[in-house]
Amino acid sequence: MYRRTAAALAVLLGALAVPVASTAQARTAPPPISAPPMGWNSRLLACDVSEAAIKNAADTLAGNGLAAAGYRHVIIDGCWLAKQRDQQGGLVADPARFPSGIKALADYVHGKGLKLGLSHSAGTAACSGGGPGAYRHEAADGAQIASWGVDYLKDDWCSIPTADFPGQNVQQIAQTLYPPMRDALGDSVAFAMNNEDGSTVPWLWGRQVATTWRTNVVTSPLADSYGSMVTAWENNMLRGEYAGPGSWNDPDLLQAGRGGMSAREYQTQFSLWAVMASPLIAQADVAKLNGDLIGNAKVIAVDQDPLGVQGRYTSTDGWYHVIDKPLGNGDHAVVLFNESNRYAIITATAGRLRLPASPEYRVEDLWTGAVSLTKGNIGAAVPPHGVVMYRISGGGRADAPPAVTFEVDPSSFLGNNRPTILEPGRANRIITRVVNTGGTDRINKAAVSLTLPDGWKAKAVTPATSKNLAAGDVFETTWEVTPPADGQLTTYQIGGKVTWKGGPEITSGADVLAGRAPASGTTYLSDLPWTVMTNHLGSVERDRSNGDGGAADGRPLTVEGTVYAKGLGGHAPADVEFYVGGRCSTVEFLGGVDDEVDEPTIKHGSVEFQVWTDGELAARSGVVTGDQPAKKVTASVKGATYIRLVATNGVDNAYWDHADFADAKITCD
């Protein structure tokens with residue numbers, strides 16, 4: 001639930017807005033770009049980028065089908081410039097990294113049917129790798145870049161000489177510096193304002209200048225984690241009214257292929273970016289890009305739709321969201337997004353979606369390909385951190401079945417964010433629920449079955465086959481599900497399917513937990529499964545520091561030179577929850593900022609450590625900074641069903657807040 005932070009930011013940044021500067025008011029609209037840019041960006045290579053690496057990226061995109069899917073921009077994100085301009089004041093490519101020069105590289109990329117992109121900076125110096133910025137060279141630099149055959153320019157916001165603009169705020173400065181570059185590039189070059197400083201509020205005036213502008217001002221650059229992705233998404237949704245055909249909000253790069261999120265979460269990001277008409281630009285190693293995911297042609301078509309509008313909320317709350325994007329042919333793309341950690345039914349109606357009047361609507365699932373009909377009600381059981389994405393059109397097909405909503409183990413209350421816990425060795429009751437949502441025809445003899453993990457048993461206590469289900473009818477089956485007596489406390493998935501006479505197979509599922517509370521005595525928490533985990537950068541690591549945010553890339557837990565063999569390594573804000581079943585008494589750990597963020601003369605980071613029991617604060621450390629030893633935290637957790645270890649940001653920003661829960665232990669009866 002990140003919306004409160006994003007909304008507060010919107011109010012703050014909105015207050016910074018001033019009237020658009022006369023320079024921006026005077027220029028005409030930017031050249032028409034038919035759709036949000038798609039491609040690959042070298043950000044992860046940093047200054048290891050080279051001519052050979054860019055050629056390899058172009059070769060790979062051209063050969064693996066992604067270029068044909070639309071990923072045609074190959075963008076060099078920094079470190080391409082020589083340290084100095086030439087004697088005539090022109091830009092020069094770094095001779096070691098790009099010995100053939102940018103013009104020759106552009107020719108090579110064009111020969112593959114692709115487009116070349118560069119980064120530059122609006123200030124006095126490049127953001128990375130050294131080299132000059134465009135300040136006071138905008139017209140000449142823009143003309144030179146265009147003459148090389150560059151197709152896309154990402155103009156960064158680094159080393160801005162604000163002292164040269166007395167009495168102007170950063171928005172006014174940006175509106176002075178960006179338009180000359182835009183004009184010099186000409187109509188053939190896409191212009192991306194990468195002004196990550198939120199005080200420039202680029203969404204308020206960007207359509208007069210740029211093809212795209214950045215909106216993820218809190219999570220810049222976007223980290224490869226679910227929480228960071230959701231925050232960037234929320235920030236972008238807040239700016240929807242400012243984007244439109246030819247100019248789009250940019251919430252930052254696609255993370256798919258990096259390894260910090262699950263396949264489901266990468267599918268979610270891709271779907272959300274597409275329904276927002278965002279640039280689709282990947283950054284992972286091109287060899288690791290999954291064409292089945294980011295190459296989904298029907299999802300890409302939503303992003304690239306010629307109408308060019310950003311999707312808007314139809315409904316939204318703390319966990320469940322419906323986003324609607326009108327399309328050029330009159331269809332609508334709809335994303336049902338479940339932000340929570342538990343399967344949930346998310347619904348919408350034709351009226352709320354403002355679909356054109358029709359007796360029936362054709363609903364196509366863009367990820368499964370399934371087609372169904374509805375008279376106006378739409379819904380699905382959406383997996384945790386997942387989406388269901390539909391394309392909806394008026395005028396249904398007579399041979400398509402009615403839309404069906406099917407869920408396994410529905411929550412007993414709205415907003416439940418935890419999987420159900422099933423006790424091993426005994427019969428636990430759950431239900432399945434089938435609803436004739438579409439209502440275009442009766443459903444005859446709907447038969448429900450479950451798919452269980454190995455060693456599990458299930459028995460239907462009530463009938464598992466229905467009679468006829470008319471429009472809106474609900475059919476529930478109660479099941480007794482028995483996990484093995486020796487089951488471990490970890491997450492399992494129960495699958496379910498429903499079939500009916502003349503209808504397709506509809507599947508769903510539920511994530512559940514099966515297992516007992518921790519054993520008697522004292523146990524390291526890093527040896528126990530968690531029920532919920534969120535972390536600012538990547539995943540919380542077991543018995544290692546957070547590392548660089550990738551999977552399993554942590555280092556030995558180390559605070560002020562002391563190394564700890566056991567514990568949890570996170571990056572604040574971090575939150576790790578454990579099921580303890582009311583059987584435990586005490587949690588203790590040493591909380592500190594890991595030494596991995598230190599520099600030779602600077603101790604970075606500040607974190608507060610907390611313990612929560614069933615929603616109540618049980619203990620807190622106070623702020624612990626990077627120049628302090630780890631602080632002992634002890635909390636009574638007697639009677640708690642769940643306990644949470646939480647690390648919050650301290651007194652500075654969260655960039656350095658690598659939070660170690662060293663020697664974290666729990667004592668149980």
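The paragraphs below treat the disulfides in order along the chain.

The structure is a predicted model, in which local features need pLDDT of at least 70, side-chain atom pairs count only at pLDDT 80 or more, and totals for chains, interfaces and linings use all residues. Residues are numbered from 1 along each chain as its sequence is written, and side-chain values use heavy atoms, with hydrogens and water left out.

A disulfide is defined as a pair of cysteine sulfur atoms within 2.5 Å, and the count comes to three disulfides. With bonded cysteines counted along the chain, they follow the pattern 1-2, 3-4, 5-6.

Cysteine 47 is joined to cysteine 79 with an S to S distance of 1.9 Å, and this link is left-handed, at -55 degrees about the S-S bond. Buried denotes under 20% relative accessible area, exposed over 50%, and partly exposed in between (1.4 Å probe, protein chains only). Cysteine 47 is partly exposed at 29%, whereas cysteine 79 is buried at 3%.

The sulfur atoms of cysteine 127 and cysteine 158 lie 1.8 Å apart in a disulfide, which is right-handed, with 105 degrees about the S-S bond. Cysteine 127 is partly exposed, with a relative accessible area of 37%, and cysteine 158 is partly exposed at 21%.

Cysteine 584 and cysteine 668 form a disulfide with sulfur atoms 2.0 Å apart; the link is right-handed, at 85 degrees about the S-S bond. Cysteine 584 is buried, with a relative accessible area of 2%, and cysteine 668 counts as buried at 5%.
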